[in-house]
Amino acid sequence: EPEVTQTPSHQVTQMGQEVILRCVPISNHLYFYWYRQILGQKVEFLVSFYNNEISEKSEIFDDQFSVERPDGSNFTLKIRSTKLEDSAMYFCASTFGQGIYEQYFGPGTRLTVT
Amino acid sequence: AQKITQTQPGMFVQEKEAVTLDCTYDTSDQSYGLFWYKQPSSGEMIFLIYQGSYDEQNATEGRYSLNFQKARKSANLVISASQLGDSAMYFCAMTLFSSNTGKLIFGQGTTLQVKP
């Protein structure tokens with residue numbers, strides 16, 4: 001069964017450093033998302049991406065964040081200058097269509113900012 | 001703005017018994033979808049079941065069923081014949097069809113512990 005993959009599984013970085021989280025969505029999916037989950041809390045929407053552009057972003061997704069789909073298969077989330085409060089699990093998700101279609105989640109990248 | 005509320009932070013159930021996890025939602029939209037996801041301790045998010053706002057019948061998927069009460073804006077998950085492997089965090093989520101993004105809004109989650 002096809003699956004969403006994410007690398008790395010765990011990233012430790014120092015405050016102020018740039019990080020890039022990578023995702024490979026399911027190949028025939030058209031809609032891509034990043035969510036984050038601070039430890040023990042709910043999953044929060046960050047950004048959605050369709051047709052090579054951001055379709056919606058949350059208030060969390062400020063100028064420090066950016067997303068790219070550089071080569072038609074990878075989908076990346078970049079945090080330019082990490083803060084302690086960016087420590088969280090970051091999930092990539094993809095789906096074929098909106099609404100009735102389930103989103104398939106990757107296993108997540110645990111980001112720890114020290 | 002839309003919101004999902006899960007009022008049970010933690011639940012216990014005896015193995016082989018049924019359990020209901022509560023979910024209420026708030027939206028003025030008429031067209032929406034409701035999802036339940038399971039998050040085991042390993043961290044991945046596993047899709048369980050979906051209910052559309054216009055679906056007349058409650059959704060079922062194996063041991064999972066969704067008790068959808070539209071007037072009360074509730075979408076409770078029922079797990080029948082609980083198994084030890086059902087111990088996990090469970091999230092209720094909603095998407096609005098009017099959104100052009102399909103983003104999911106999640107509740108706070110309920111931790112379920114199945115006792116042998």
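## Chatting through a two-chain model

Student: How much volume does the largest cavity have?
Tutor: The largest cavity has a volume of about 30 Å³. Keep in mind that this is a predicted model.

Student: Which residues line the largest cavity?
Tutor: Both chains take part. From chain A you get Tyr33(A), Thr95(A), Gly97(A), Gln98(A), Gly99(A), Tyr101(A) and Gln103(A). From chain B come Phe35(B), Thr95(B), Gly102(B) and Leu104(B).

Student: How does that lining split by class?
Tutor: Seven polar and four nonpolar residues, with no charged ones.

Student: Switching topic: how many residues of each chain are in contact with the other?
Tutor: 21 residues of chain A are in contact with 21 residues of chain B.

Student: And what area is buried between chain A and chain B?
Tutor: About 1700 Å², and carbon and sulfur atoms give 58% of that.

Student: Why give an area for it?
Tutor: Because the size of an interface is often given as the accessible area lost when the parts come together.

Student: What about salt bridges between chain A and chain B, how many are there?
Tutor: There's one between the two chains. Glu56(A) pairs with Lys103(B), and their closest N and O atoms are 2.6 Å apart.

Student: How close do those atoms have to be to count as a salt bridge?
Tutor: The cut-off is within 4 Å, so the 2.6 Å between Glu56(A) and Lys103(B) passes.

Student: How many residue pairs are in polar contact between the chains?
Tutor: Seven, counting pairs with both residues at pLDDT 80 or more.

Student: Which elements of chain A give two or more residues to the side that touches chain B?
Tutor: Strand 4 (31-37), strand 5 (43-50) and strand 6 (53-57) of chain A. Strand 4 of chain A gives the most, with four residues.

Student: What classes of residue are on that side of chain A?
Tutor: The side of chain A that touches chain B has 10 nonpolar, eight polar and three charged residues.

Student: How does its lining divide by class?
Tutor: For the second largest pocket, 10 are nonpolar, four charged and two polar.

Student: Last topic, the backbone. Is the peptide bond from Thr7(A) to Pro8(A) cis or trans?
Tutor: Cis, with omega near -10 degrees. You'll find Pro8(A) in the loop between strand 1 (5-7) and strand 2 (10-13) of chain A.

Student: Is phi of Lys16(B) positive or negative?
Tutor: Positive, near 80 degrees, in a residue other than glycine. Lys16(B) is in the loop between strand 2 (10-14) and strand 3 (19-21) of chain B.

How values were computed:
Residues numbered from 1 in each chain as written. Chains lettered and ligands numbered in written order. Predicted model: local features only at pLDDT ≥ 70, side-chain atom pairs only at ≥ 80, totals over all residues. Heavy atoms only, no water. Contact = heavy atoms within 4.5 Å. Buried area = accessible area lost by both parts, 1.4 Å probe. Salt bridge = Lys/Arg side-chain N within 4 Å of Asp/Glu carboxyl O. Polar contact = N/O pair within 3.5 Å; in protein donor to acceptor, adjacent residues only side chain to side chain. Nonpolar A, V, L, I, M, F, W, Y, C, P; charged D, E, K, R; others polar. 1 Å grid on protein atoms, 1.4 Å probe; cavity = no way out; pocket = protein on both sides within 12 Å on 5 of 7 lines; lining within 4 Å. Points joined across faces, edges and corners; volume = space filled by probe spheres on them.
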